[in-house]
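Hi everyone, thanks for coming.

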Amino acid sequence: MLSKNIKTLNKHHNDMSIKVFNTLTRKKELLKPLNGNNINLFVCGPTVYDFSHIGHAKTYVQFDVIVRYLRYKGFEVFYLQNITDIDDKIIKRGNEQGKNPMTIARKFEKEYLSDMKELGITSIDKYARATDYIKPIIKQIKTLFDKGFAYETSDGVYFEIDKFKDYGKLCHQPLDKIKEGARVSVNKEKKNPSDFSLWKKAKINEPSWDSPWGKGRPGWHIEDTAITETEFGPQYDLHGGGSDLIFPHHESEIAQMEASSGKKPFVKYWMHTAFLNIKKEKMSKSVGNFTTIREALRKWDEKTYRFYYASTHYRTPLDYSNEAVNKVKQGLERINEFIRKVKIANGKKKNEIEKLIGETLDVFEKHMDNDFDMPQAIASVYDFIRAVNKLELSKQNGKAIIGFFEKIDSVLGVMTFEDLEVPSEIQILAEKRQKAREKKDWATADKMRDKLKTKGYYIDDTSKGPVVKKIS
Ligand code: AMP
């Protein structure tokens with residue numbers, strides 16, 4: 001029964017036609033990787049000078065769901081993310097706190113990775129620190145010099161945008177308009193106020209690296225193209241990030257890479273997530289209206305919080321509110337309750353559940369294939385629950401349904417399959433053990449632990465406190 005069901009489920013892998021909204025063409029396009037089923041994906045990672053905020057969580061959870069879905073469909077995705085560990089903001093924070101900027105960067109990189117783990121972000125294959133790519137960065141700048149796109153001033157090296165006629169193709173603005181928008185520049189040596197920095201010459205007490213232009217550090221845009229050229233080569237499939245990065249960051253990445261390699265397009269598909277706003281304003285560290293992921297996770301459990309983003313379309317802006325998360329929490333509880341109910345299904349009547357599962361998967365995939373329409377895809381899961389709730393289920397039906405939910409959850413990563421119910425007798429023993437530990441009464445704590453063990457339970461002492469678990 002179950003194997004037949006799995007066969008039905010796997011049929012869904014064969015059709016790999018996914019449409020993606022490409023910022024470059026402003027159209028939904030069929031996703032056709034450059035090389036067979038392999039997708040090289042790069043998403044801009046954080047600048048690590050503070051705790052990550054919930055706007056970051058939106059972007060990274062949504063890309064996690066997208067990558068999980070691409071893999072579910074059978075694509076071989078290599079997901080690369082950079083860590084900006086050298087930047088003006090990091091240096092400024094270091095100066096404010098009297099600390100070495102690299103100490104700040106390492107601390108907040110660690111905090112970022114821990115937040116990502118809490119949010120169930122499992123899809124990233126490699127994190128690349130900018131400072132580990134100084135050599136390729138210098139090499140790329142040298143190439144830009146050789147090809148006539150770069151020039152040196154007293155404070156650094158710049159990219160001359162007038163030399164790159166395509167500048168503006170991602171943000172869909174003509175070069176003249178871009179230049180008009182940046183008429184004034186503090187640096188009088190720049191040929192054009194919109195020319196962007198490739199290399200910044202070091203000021204006193206700044207972290208710096210040797211280069212043909214003296215000691216200094218890379219500009220923001222060049223780190224990403226040096227990282228991706230090293231890891232993927234001059235062209236790759238997909239580049240993502242928040243929509244605030246379209247201009248100037250991603251626009252300038254295109255200029256750098258297409259100018260230095262002479263190959264077009266640098267990236268085939270550009271995907272951008274819409275902002276998380278707070279009272280209609282973009283949440284950002286610089287505006288100061290931000291809530292950290294840490295704070296949010298004190299209020300909500302990780303899976304609820306993840307579901308808040310996983311159930312929103314990545315291109316729809318989201319206005320953060322407690323009421324909205326609460327609604328999502330109730331929705332997730334409905335799914336989890338349904339799973340618990342189905343697990344103990346023991347009815348006599350056998351229903352044609354496979355057909356319903358197959359149909360629901362078709363609808364789920366149809367919506368996900370359409371530029372990852374997560375809200376519609378999830379609506380199909382609730383339709384399924386409504387339909388099944390009217391039926392009496394056999395044990396086999398229950399198993400098939402759990403298999404189906406596990407499959408959907410390999411994409412969403414929000415459901416709870418383990419038994420949550422802990423008998424009160426067990427709970428009391430766990431609490432007694434905890435109290436004894438707090439009093440450093442190890443003998444009593446051990447006795448409680450042994451009692452729990454004989455009843456088939458153990459305590460997992462997690463960073464969030466003790467959790468009672470069943471011995472499997
Ligand atoms: P940053 O550390 O500010 O460079 O941001 C890291 C990533 O998070 C980038 O892809 C940003 O576009 C994204 N991001 C920053 N703020 C928000 C926000 N309020 N909503 C959604 N994504 C954001």
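Let's start with the ligand and what sits around it. The residues of its shell split into 8 nonpolar, 8 polar and 2 charged. Before I go on, keep in mind that this is a predicted model.

So, which residues come nearest to the ligand? Out of the 18 residues around it, those are Thr59, Gly242, Asp244, Leu276 and Met283. And where does the shell come from in terms of helices and strands? Helix α2, residues 54-72, and strand β10, residues 236-242, each give at least two residues to it. The largest share is from α2, with 4 residues.

Now let's look at some distances. On Thr59, a polar side-chain atom is 2.7 Å from a nitrogen atom of the ligand. With Leu276 the backbone takes part: one of its polar backbone atoms is 2.8 Å from a ligand nitrogen. Met283 also has a polar backbone atom 2.8 Å from a nitrogen atom of the ligand. How much of the ligand does the protein bury? On its own the ligand would expose 490 Å², and the protein buries 93% of that.

Okay, next stop: His272. You'll find this one in strand β11, which runs over residues 267-273. Is His272 buried or exposed? Its relative accessible area is 7%, and the cut-off for buried is under 20%, so His272 counts as buried. Its side chain makes two polar contacts I'd like to show you. One goes to the side chain of Thr23, at 2.7 Å, and another goes to the side chain of His250, at 2.8 Å.

Let's move over to Glu109. This residue lies in helix α4, residues 101-118. Its relative accessibility is 11%, so Glu109 counts as buried as well. What does it touch, leaving aside neighbours within four places in sequence? Val48, Ile83 and Arg129.

Last, let's zoom out. The domain assignment gives domain 1 as 1-28 plus 322-419, domain 2 as 33-299, and domain 3 as 424-470. Between the centres of domain 2 and domain 3, taken over C-alpha atoms, there are 47 Å.

Conventions: Residues numbered from 1 in each chain as written. Predicted model: local features only at pLDDT ≥ 70, side-chain atom pairs only at ≥ 80, totals over all residues. Heavy atoms only, no water. Domains from an automatic or database assignment. Near = heavy atom within 4 Å. Polar contact = N/O pair within 3.5 Å; in protein donor to acceptor, adjacent residues only side chain to side chain. Areas by Shrake-Rupley, 256 points an atom, 1.4 Å probe, with all protein chains shown as cover. Nonpolar A, V, L, I, M, F, W, Y, C, P; charged D, E, K, R; others polar. Buried < 20%, exposed > 50% of the residue type's maximum accessible area, 1.4 Å probe, protein only. Contact = heavy atoms within 4.5 Å.
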